[in-house]
2 protein chains.
Amino acid sequence: MRLVEVEHVIALVRRRGLETVLRELADYIAEDYRRWAEFDKSARYASHSPKGVIELMPIADAAAFGFKYVNGHPANQAEGLQTVTGFGVLADVVTGYPFLIAEMTIMTALRTAAMSALAAGYLARPGARTMAIIGLGAQAEFQAEAFRALLGIDRLRIFDIDPDATAKFRANLADRGFAIHVAESGPDAAEGADIITTVTADKRCARVLSDNMIGAGVHINAVGGDCPGKTELQPAILDRSSVFVEYLPQTRLEGEIQQMPKDFPVTEIWQVIAGEAEGRTGADQVTIFDSVGFAIEDFSALRYLSDTTNAPDLHRSADLLARPSDPRNLFGVLDLSPAYGIHA
Amino acid sequence: MRLVEVEHVIALVRRRGLETVLRELADYIAEDYRRWAEFDKSARYASHSPKGVIELMPIADAAAFGFKYVNGHPANQAEGLQTVTGFGVLADVVTGYPFLIAEMTIMTALRTAAMSALAAGYLARPGARTMAIIGLGAQAEFQAEAFRALLGIDRLRIFDIDPDATAKFRANLADRGFAIHVAESGPDAAEGADIITTVTADKRCARVLSDNMIGAGVHINAVGGDCPGKTELQPAILDRSSVFVEYLPQTRLEGEIQQMPKDFPVTEIWQVIAGEAEGRTGADQVTIFDSVGFAIEDFSALRYLSDTTNAPDLHRSADLLARPSDPRNLFGVLDLSPAYGIHA
């Protein structure tokens with residue numbers, strides 16, 4: 001079994017280049033969304049506790065079964081720990097044998113950003129060049145890099161209520177060729193932007209964007225509203241926008257549309273990617289990608305790692321499956337009896 | 001994160017001794033079953049395909065979340081692969097961080113056998129010394145070793161329709177102090193046994209035991225009937241026996257009692273272990289442990305590994321969680337910008 005650890009993902013990104021990885025990831029995601037009907041899509045399993053939630057997100061096609069372990073623990077940050085971490089597994093459906101275990105903390109950040117930029121390619125105005133980013137936490141730089149890699153966005157208008165977060169963002173992207181305007185407020189950031197990315201960390205219903213901030217033709221990439229009770233947009237914005245989601249049964253519970261009536265009309269983004277539904281249809285239309293993160297994107301990311309980490313310095317081997325030479329002789333693997341020593 | 005591979009489990013068993021490990025595992029399992037109400041028990045998640053099933057079995061208490069990945073692919077054996085393999089994970093409920101990934105192929109064989117012997121301690125006649133084992137596949141030797149370790153069973157009456165399986169069993173246990181009678185048939189094996197363990201691999205409703213084979217006072221350890229459509233006992237045996245199960249909602253679907261009416265009376269074994277229900281109540285009573293394997297037993301096995309594999313040669317370290325020094329600076333882990341290099 002192949003084990004892809006954090007150091008291997010870092011080495012992969014440095015070797016291929018961040019922009020290349022983001023573009024390739026977007027390609028893998030698009031390829032999987034195009035074959036939407038081939039996937040066995042399940043609700044995630046969630047184990048709730050007073051401090052947070054641990055989830056298992058399974059998904060399978062006819063060849064591979066994948067799942068991601070992911071936690072969400074808002075209080076972790078005060079302890080110097082990450083709010084969200086994860087790892088993922090791919091297994092062969094035909095034999096049931098797992099063949100890849102990989103870190104999915106960095107990979108989730110990468111696939112989330114790649115997914116946002118992929119969707120924006122269908123939903124933002126052609127020629128969009130300026131993006132506002134409101135909320136400069138762990139995901140912010142990844143969003144900026146993905147939008148440049150896929151759409152050529154190189155002008156950023158950024159805002160966070162925390163000056164340290166702003167300083168971190170500026171330092172991380174200092175030498176990477178972006179023109180960055182540090183805004184004094186959310187409305188200042190949104191002013192004149194073609195795309196507005198909201199990616200705050202507040203675990204409550206917030207009003208990061210209010211209706212009067214949204215001009216005609218804007219695309220809103222709503223990333224931060226991603227669990228029950230956590231939203232970022234004023235409902236009036238949703239009312240006058242075309243809303244695109246990943247997997248409707250999940251987004252109804254976790255996305256911005258949890259604020260809306262059950263019959264609020266949306267389009268699943270796979271339909272747009274597959275050419276079965278239209279994305280943006282007019283220059284003045286306001287579009288929203290109500291992103292919560294779906295298991296297919298993790299599956300794509302794991303497939304990508306499986307295809308790109310074959311080099312000896314991009315993985316380790318791990319034996320989590322005993323492989324007796326006779327499958328009925330598992331006891332022999334213990335090699336306790338000199339008379340019948342079959343080794344693992 | 002600690003990674004416990006197959007080689008580490010083998011080293012652990014050889015260092016502590018197989019009988020010690022089986023007894024200690026039974027103690028961990030008993031300890032967990034005694035606090036039954038503290039567990040968040042869930043149905044397993046199953047992904048079915050034409051060749052088999054892949055399952056995720058989650059369980060949690062207030063301190064730890066655990067799950068096991070396990071497959072069941074009957075056609076694997078013809079390909080020289082194992083029918084069942086698995087690995088498991090333990091995570092800290094307070095932070096959501098996983099801290100142990102371990103092989104669970106050998107460990108599942110060990111915990112299944114330890115569970116059988118633990119149950120038999122409450123259900124078999126006092127002084128039982130002879131056990132029949134019908135079905136000599138991957139689990140058979142583990143059952144024999146566990147029953148000796150916990151109950152002192154050292155006389156075996158064994159039968160399998162395949163002479164190769166019988167030869168494998170005899171060779172594996174040749175120097176381990178058992179008196180072994182190779183029976184000519186199932187009824188011959190059952191003759192005079194205090195305990196009858198059925199652990200065949202047939203994936204169908206079989207009649208490994210028929211009613212006329214079962215004398216008064218026998219304990220039946222029914223291990224092989226463990227999924228829908230797979231049973232080993234004639235229903236008439238169940239009708240005149242006291243039946244004990246792990247977790248009723250699961251055993252109704254997967255165990256021997258899938259053949260019986262929905263209101264067929266059974267006792268959950270945790271009640272017996274916790275002293276809230278009686279096990280065997282008379283010398284002539286026929287008892288059945290209708291074992292299918294429950295997530296608590298995997299949780300106990302993972303807890304056991306967590307407590308016993310601290311030595312440097314009993315595990316490896318694996319980094320599946322990026323640990324940025326500032327949790328909001330995940331991008332810095334990539335170390336792309338010399339201006340703000342925070343390393344993983």
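Predicted model: local features only at pLDDT ≥ 70, side-chain atom pairs only at ≥ 80, totals over all residues.
Start by selecting the strands of chain A that make up an open sheet of eight, ordered 10-9-8-11-13-17-15-16 with parallel pairing. Now pick out strand 10 (179–182) and strand 16 (267–268) of chain A: these stand at the edges, and each has a single partner strand, so one side of each lacks a neighbour in the sheet.

Show A:L156 here, and you will find A:I180 of strand 10 opposite.

**Stop three: helices on the sheet.** Select helix 3 (residues 105–123) of chain A next. Helix 3 packs on the sheet and touches strand 13 (219–222), strand 15 (241–245) and strand 17 (286–290) of chain A. The direction of helix 3 makes about 155° with that of strand 17 of chain A. Then go to helix 4 (residues 140–151) of chain A, lying across strand 8 (130–134), strand 9, strand 11 (195–198) and strand 13 of chain A. Helix 4 runs at about 165° to strand 8 of chain A.

**Stop four: strand 13 in chain B.**

**Last stop: its partners.** Strand 11 (residues 195–198) of chain B runs parallel to strand 13 of chain B, joined by four bridges; look for B:I196 opposite B:I220. Strand 17 (residues 286–290) of chain B also pairs with strand 13 of chain B in the parallel sense, over four bridges, and there B:A222 stands opposite B:D290.

How values were computed:
Residues numbered from 1 in each chain as written. Chains lettered and ligands numbered in written order. Heavy atoms only, no water. Pairing = 2+ DSSP bridges. Helix = DSSP H or I, 4+ residues; strand = E, 2+ residues; numbered from the N terminus. Contact = heavy atoms within 4.5 Å. Axes fitted to C-alpha atoms, helices over the stretch in contact; angles between N-to-C directions.
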